[in-house]
Amino acid sequence: MTSTPRRRVLIADNNADLVAVLSELIRMDGTLELAGHVATGAAALERVTHEPIDVLLLDLGLEDCHGFEVLDKLVKAGSATRVIVHTGHSSPELQAHAKRRGAAAYVVKTGDIEELLSVMRAV
């Protein structure tokens, strides 16, 4: 029986409490593997460029730049990493904007962890 490799997830968010919770949930999920977390766009780009990262869980409010800058650079570089914008902004316009810029998904930080895990498994 061949097992499916777990999807490597990198969290890019500067909220330490949220990162701790998300990290634990990803570790507990049998289909996902935590690649780690970063708090800056520069660190996210560095990790995605030099490591096999399947999913980048990207907050828009990073310490050094807007998350859309990271998304734009990944798209321009032709990165295979799937980006999930994970933000507190529930604006339909912002969601559509993220998709147009190349995000694979847009999930609002509502506390619905099962929805987020489902999206990470699906993208």
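Helices (H or I, at least four residues) and strands (E, at least two) are DSSP runs, numbered from the N terminus. The model here is predicted, so local features need pLDDT of at least 70 and side-chain atom pairs count only at pLDDT 80 or more, while totals for chains, interfaces and linings use all residues. Residues are numbered from 1 along each chain as its sequence is written, and side-chain values use heavy atoms, with hydrogens and water left out.

**Exercise 1. Find D13 and work out what surrounds this residue.**

Step one: look in the loop between β1 and α1, where D13 lies.

Step two: check its accessibility. D13 has a relative accessible area of 4%, which makes this residue buried (under 20% relative accessible area; exposed is over 50%, partly exposed in between; 1.4 Å probe, protein chains only).

Step three: list the contacts (heavy atoms within 4.5 Å). Leaving aside neighbours within four places in sequence, D13 touches L18, V19, V38, A39, D59, L62 and K109.

Step four: pick out the polar contact, at 2.8 Å between the side chains of D13 and K109. That term means a pair of N or O atoms within 3.5 Å; within protein, one must be able to donate a hydrogen and the other to accept it, and residues adjacent in sequence count only if both atoms are side-chain atoms.

**Exercise 2. Which residues of α1 are buried, and what covers them?**

Step one: go to residues 16-28, which form α1. At its start, a side-chain oxygen of N15 comes to within 3.1 Å of the backbone nitrogen of D17.

Step four: see what does the covering, which includes β1 (7-12), β2 (32-38), β3 (55-58), β4 (82-87) and α5 (113-122).

**Exercise 3. What is the strand order of the open sheet, and which strands stand at the edges?**

Step one: trace the 5 strands as β2-β1-β3-β4-β5, with parallel pairing. Two strands pair if DSSP finds at least two bridges between them.

Step two: spot the edges. β2 and β5 (105-108) each have a single partner strand, so one side of each is left without a neighbour in the sheet.

Step three: zoom in on β1 and β2, which pair over 6 bridges. R7 has L32 in β2 as its bridge partner.

Key:
Expected span 1.5 Å × (residues − 1).
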